[in-house]
Amino acid sequence: MSERANKFSTTGLLADRKVTQLMAFTAFTFLVFSYFSSDIFFTPENFLSMAYQVPEIAILSIAVMLSMLTGGIDLSIVGISNASALIASYIMTQKMSEEGAISNSWILIACLLGILMGLLCGAINSILIAILNVTPILATLATMTLFNGIAIGITNGVSVSGLPEQFMRIGNGTLFGVPSPFVLMLVIAGFVGYLINRTGLGLKVFLIGTNRKAAQYSVMGDRKVIAWTYVISGLLSALAGLIIASRTSAASPDFGNSYILLAIVIVVLGGVNPMGGFGTVTGVVLATIVLQMVSSGFNALRFSQFFYLAAQGGVLVLVMILNTVLEKRRINKSINKSLGS
Amino acid sequence: MNIKKLLRRNETVLIFAIIIFSLVIGSKSPEFFTLANLFDILRSSFVQLLFALGVLIVIISGGIDVSFPIVGIFSGYTAVIIMQKLELNPESLLIPIVLAVLIGIALGGFNAIAIAGFGIPTLITTLGTAGIFRGVMLSFIGASFISDIPIGLDKFSTSDLIKFESDAGTLVRLHILVIPVTIITVLVALLLSRTIFGRSVYALGGGAEPTRRLGISVKRTQAKIYMLVGGLSGLAGILYVSLQRKANPYDLAGSELDVIAAVVLGGASIMGGYGTVFGTVLGVLFINMIKNNLVLLGVSSSWQRAAVGVLLVIGITIQAISENRKNKRQKSASDSEVA
């Protein structure tokens, strides 16, 4: 019992250190851009627009985080979110009258079917990865092509636009003065945080990510746990897709292709170990906010979007290099310490 | 090798798949079995095959590379820009090719530093560098489409080895690239099977630690692999520019999946340690045959991507099932030994 408590306090400490580092980094980015672009960046309008843009990418990143915690990866998130958004949007536009009127129940049905699509896609990933033992990278690379292909096939490659007004209110409205997508994101982050920190499933996720073989020998049903993470990842992707559709009033098969790199950058920056076994929801949400600030800041300073792309890649590689160098130093230090004593 | 083993090989399965698919399409539309169509499939396969050979080497070594299309277009586009800026002899074909290959090797070196030098996972590294390369190219080197590529490159796109008019009146052309691409393919096959480097690539795919214990430098092997892949991608990129007769910096991005699909369908194991050049050639031909001829089967072009996805899912499923079976067999064999 004491050992278990001990383990939790050390991971808690480690989590705190990463989160503290990130908070400092967030504050630093905020100050830099506020200083250089006080007229555009440091305005309430800009923060409001960031609050509308952060949720979708944060939710996608949380989905990637879940799969990464088990030592896998989910590259099909964007494929799933687009497919779900397209199904929901298609149903809505079909059931809409000429004047754009539609009953709330049809919107609800459309959203539920979109979510169902996400669950279904997640289940396909689960079957490939957990049951057939396909490597997660390869399985999700294949399903990403498949889901994207299905979306293109259904819509002939064109986007569905002109969604009903009630639906758009979800993505553009406010709840208690806070943008509603942001509230949704907090609810989802809270749910996933609870799931991975307070439930048996979450504990197993971390154990599998730390050592799959050990998890296998302890008969905890590792396949079932992995299957669940990809289904939940599909669900989260679908929700992100619906939020995107409702914010932009459109769904398209090639929307947000750049989000895959971005989501992985965020997850790694947020302190999740790509080999599995460590990560926090707080870290991921903070990292999303940092990158959104960088994106808005670059925009305000009139850097091109491709410069932002290069910066994303640079951040990813640099953070990984920093992590490995620091990790090595830490290990050497602890070895020296134990040799000294 | 006994027949049962031969039948179980991925290459054999793929050959059967190609034959069956040809018969199905051929029965629906006789246009399929013409020399013109065969040469068309070949022509659309050259660039992809060069990329695929690079990817094959990486996959055998147990890694994965998603940056190669960006490395390719970066090299091809930048080589054209350098040619124009420095006013190098526009008639020359060799100069742009050498330039592109060198740029490709340099970009591959970048991957090599991150992967071999710092030990960062290959997928993460190449995702990151793909972003860096694309961003740097489009924000610093150029973002506009170049239609007047140097004459040498432009002329090369219409250099045909065989060219005649068929009885039906269609022009049948076999591009001269078939010779160099074949030579490179054979060279890569020899490199993988006959050299110490090639065998260390397979060893590395089997496991890094055992490779180290064999006395092979893992880092040096990895560095060579990623630079070699960079060079191959650079070559593919400049040939792509030449065949398209334009240098568009937005091209090729997103084509990594088709190439990886071809290599995996060709039987290379994504876990590393297994893969053949012959299988990769068949995989590339198969994918291109399907993409070029789905329309003849009455499948509309918007479903092409889904078709590639389905094929890929089927391919990896078959691979995974046979892998699982093999593991089970080995396990039961070792269990019975213990008993």
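**Contacts, burial and helix packing**

User: What makes Val47(B), Leu50(B), Phe51(B) and Gly72(B) contacts of Ala236(B), leaving aside its neighbours within four places in sequence?

Analyst: In this predicted model, two residues are in contact if their C-beta atoms lie within 7 Å. Outside the four places on either side in sequence, Ala236(B) is in contact with Val47(B), Leu50(B), Phe51(B) and Gly72(B). Ala236(B) itself has its place in helix α11 of chain B.

User: Why does Ala236(B) count as buried?

Analyst: A residue is buried if 20 or more other C-beta atoms lie within 10 Å of its own. Ala236(B) has 33 C-beta neighbours inside 10 Å, and therefore counts as buried.

User: Which residues have the most contacts inside the largest nonpolar core?

Analyst: They are Ile62(A), Ala263(A) and Leu50(B), in a core of 199 residues. Helix α10 (residues 222-248) of chain A gives the largest share of this core, 15 residues. Beyond its neighbours within four places in sequence, Leu50(B) is in contact with Val181(B), Ile184(B), Leu232(B), Leu235(B), Ala236(B) and Leu239(B). In soluble globular proteins, nonpolar side chains tend to be buried together.

User: Why are α9(B) and α11(B) called roughly perpendicular to each other?

Analyst: Angles of 65 to 115 degrees count as roughly perpendicular. Helix α9 (residues 196-206) of chain B packs against helix α11 (residues 218-244) of chain B at about 110 degrees, with the axes 10 Å apart. The two helices are therefore roughly perpendicular.

User: Which residues of α9(B) and α11(B) meet?

Analyst: From α9(B) come Phe197(B), Ser200(B), Val201(B) and Leu204(B); from α11(B) come Val218(B), Thr221(B), Lys224(B) and Ile225(B). By class, this contact has five nonpolar residues, two polar and one charged.

User: How do you know that the radius of gyration of chain A agrees with that of a compact globule?

Analyst: For 341 residues, a compact globule would have a radius of gyration near 20 Å; the value for chain A is 21 Å, which agrees. The C-alpha trace of chain A spans about 80 × 55 × 35 Å along its principal axes. Its secondary structure comprises 13 helices and four strands, and 47% of its 341 residues count as buried.

User: Why is Asn133(A) described as partly exposed?

Analyst: Partly exposed lies between the limits of 12 or fewer for exposed and 20 or more for buried. Asn133(A) has 14 other C-beta atoms within 10 Å, so it is partly exposed. Asn133(A) is in the loop between α4 (104-131) and α5 (136-155) of chain A, and has a positive phi of about 65 degrees although it is not a glycine. Most residues other than glycine have a negative phi.

User: How many residues does the contact take from chain B and from chain A?

Analyst: Chain B gives 41 residues and chain A gives 37 residues. On the side of chain B that touches chain A, α6(B) provides the largest share, 14 residues. By class, that side has 27 nonpolar, twelve polar and two charged residues.

Technical notes. Residues are numbered from 1 along each chain as its sequence is written. Chains are lettered from A and ligands numbered from 1 in the order in which they are written. This is a predicted model: local features need pLDDT of at least 70, side-chain atom pairs count only at pLDDT 80 or more; totals for chains, interfaces and linings use all residues. Ala, Val, Leu, Ile, Met, Phe, Trp, Tyr, Cys and Pro count as nonpolar, Asp, Glu, Lys and Arg as charged, and the others, Gly among them, as polar. Axes are lines fitted to C-alpha atoms, for helices over the stretch in contact, and angles run from 0 to 180 degrees between N-to-C directions. Angles under 35 degrees count as roughly parallel, over 145 as roughly antiparallel, 65 to 115 as roughly perpendicular and the rest as oblique. The radius of gyration is taken over C-alpha atoms; the globule rule is 2.2 Å times the number of residues to the power 0.38. A nonpolar core is a set of buried Ala, Val, Leu, Ile, Met, Phe, Trp, Tyr and Cys residues joined through C-beta atoms within 7 Å.
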